[in-house]
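Me: I'm new to this one and would like a quick tour. Let's open it up and start with a single residue.

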Amino acid sequence: MTWQEYETGLEDRLVDLHSRVHHGAYRAQPSRRVYIPKADGQQRPLGIAALEDKIVQQAVVAILNRIYEVDFKGFSYGFRSGRSPHQALDALTAGIQWKRVNWVLDADIRGFFDNMSHEWTMKFIEHRVADRRILRLIQKWLRAGVSEDGQWSETTVGTPQGAVASPLLANVYLHYVFDLWVEVWRKKVAKGDVIVVRYADDLVLGFQHRTDAERFLREFRDRLAKFGLELHADKTRLIEFGRFAARNRKQRGQGKPETFTFLGFTHFCGQRISDKAFIVWRIAAKKRMVAKLKAIKAELQRRKHHRTTAVGAWLRKVVLGYYQYHAVPGNSTQLRIFQRRVCWLWRNVLVRRSQRAQVRWDRLSPVFNRWIPQPRILHPYPDARFAATHPQ
């Protein structure tokens, strides 16, 4: 059922839905399984909930957010009101530059949403929620199953990505599995500085000492195993990274420090041009840019015979949206590369509409200049913004 269909007799429908929820007659429907392509070429499974399930889930999430926002830790940024990926990026950069960080652990939990234990999820929720109706609703959503090609299949673990309640359930799960544990670990076990930034199931930690980093990695694997989770072996890396990494690696004849990618940006050690001080530079991740350009190319092909002004207006919004996220200090070169490649993709489509074999660039330049904006930096330096938002 669509939103437009549900709008007919909306008030009566909502009254009936409210009554069914409170009397226990409400039944969660299976999520429809669809797949979307990932940047690495694989397929990401999503679960599309039924319309009434979305309505009820949104109401429950609105209540639970008020409860858990009091509990969630400051280094948790994913799917929280008033928090954004750029705040997580700011905190990570400021932590590496201000603290004594020499090693970075870039951790990825394998198939986190697909492997969340239903039993542990309910135990964690019951720590703060006593209302049996809320608990029964969450159980219904977890056990509703999925429908794929008309076939229903039971779900004994995991929560569908794409469901309204899934981000909150994921944050609650990792709050107990990771956040509370790592906060105690860095206070009582670590010998040096430790910084933590988590955005949903993407984790980055910085350590002063390599021994701390290696011990944490061993104990973190054991910790995850207790709750049915494991680290992705290929995507979890411990690298030397920080203000002394370049010097130390050069002395050992190992070349430049390694890089890591977090929230769409590749981070690498660098120096400020003005005073040669250590700084963490960030550029748009290559995989993210390639995936975006492929999506633009496919859409341009679909709109090949549309009016140029209509395609230009759409393309302008897409490019501005890309700039809005990626226009950070140090990423100017990547933004210009993105802008030029978008112009090239559009040119290839426009040329194929013409009867001529070739169309010179100077004839198309006015079109590109009108619709595809030039890149400019839109974000301040992350440590400056972090200092402004955290004056203490």
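Me: Which residues does Asn171 touch, if we skip those up to four places away in sequence?
Reply: Contact here means heavy atoms within 4.5 Å. This is a predicted model, where local features need pLDDT of at least 70 and side-chain atom pairs count only at pLDDT 80 or more, while totals for chains, interfaces and linings use all residues. Residues are numbered from 1 along each chain as its sequence is written, and side-chain values use heavy atoms, with hydrogens and water left out. With neighbours up to four places away set aside, Asn171 touches Phe72, Ser76, Gly78, Phe79, Arg80, Arg198 and Ala200.

Me: Is Asn171 buried or exposed?
Reply: Asn171 sits in helix α8. A residue is buried under 20% relative accessible area, exposed over 50% and partly exposed in between, using a 1.4 Å probe and protein chains only. Asn171 comes in at 2% relative accessibility, so Asn171 counts as buried.

Me: How many helices and strands are there in the protein chain?
Reply: They're DSSP runs numbered from the N terminus, with helices (H or I) of at least four residues and strands (E) of at least two. On that basis, the protein chain has 15 helices and 11 strands.

Me: Among contacts with a separation of 6 or more, what share joins residues 24 or more positions apart?
Reply: Val56 and Ala28 show such a spacing along the chain: they're 28 residues apart, with C-alpha atoms separated by 9.6 Å. For the protein chain, counting contacts with a separation of 6 or more, residues 24 or more positions apart account for 69%.

Me: Which residues is Val56 in contact with, leaving aside neighbours within four places in sequence?
Reply: Val56 is in helix α3 and is buried, with a relative accessible area of 7%. Leaving those neighbours aside, its contacts are Leu17, Val21, Tyr26, Leu137 and Trp141.

Me: Over how many bridges do β10 and β11 pair?
Reply: Two strands pair if DSSP finds at least two bridges between them. Thr266 stands opposite Ile283 in β11, and 6 of the 7 residues of β11 are buried. Strands β10 (residues 265–271) and β11 run in the antiparallel sense, and the number of bridges is 7.

Me: Which residue takes a positive phi in the hairpin of β10 and β11?
Reply: The hairpin has 6 residues between the strands. The one with a phi near 65° is Lys276.

Me: How much space lies in the largest cavity?
Reply: On a 1 Å grid over the protein atoms alone, a cavity is a set of points where a 1.4 Å probe fits but cannot get out; a pocket is an open set with protein on both sides within 12 Å along at least five of seven lines, and lining residues have an atom within 4 Å of a point. Points are joined across faces, edges and corners, and a volume is the space filled by probe spheres set on them. The whole structure has 4 cavities of 30 Å³ or more. In the largest one, the space is about 100 Å³.

Me: Which elements give two or more residues to the lining of the largest cavity?
Reply: That lining has 14 residues, with Ser31, Gln57, Trp141, Pro160 and Ala163 nearest the centre. The elements giving two or more are α3 (51–68), α7 (132–143) and α8 (166–188).

Me: Which residues is Ser31 in contact with, again leaving aside neighbours within four places in sequence?
Reply: Ser31 is found in strand β1 and is buried, with a relative accessible area of 7%. Apart from those neighbours, Ser31 is in contact with Gly47, Ile48, Ala49, Gly145, Val146, Ser147 and Pro160.

Me: Which element gives the most to the lining of the largest pocket?
Reply: This pocket holds about 1700 Å³ of space. Its lining has 47 residues, of which Lys38, Arg44, Asp108, Asp202 and Lys235 lie nearest the centre. With 5 residues, the element that gives the most is α11.

Me: Which residues are closest to the centre of the second largest pocket?
Reply: About 390 Å³ of space lies in this pocket. Of its 18 lining residues, the closest to the centre are Gly95, Lys99, Arg186, Ile195 and Phe386.
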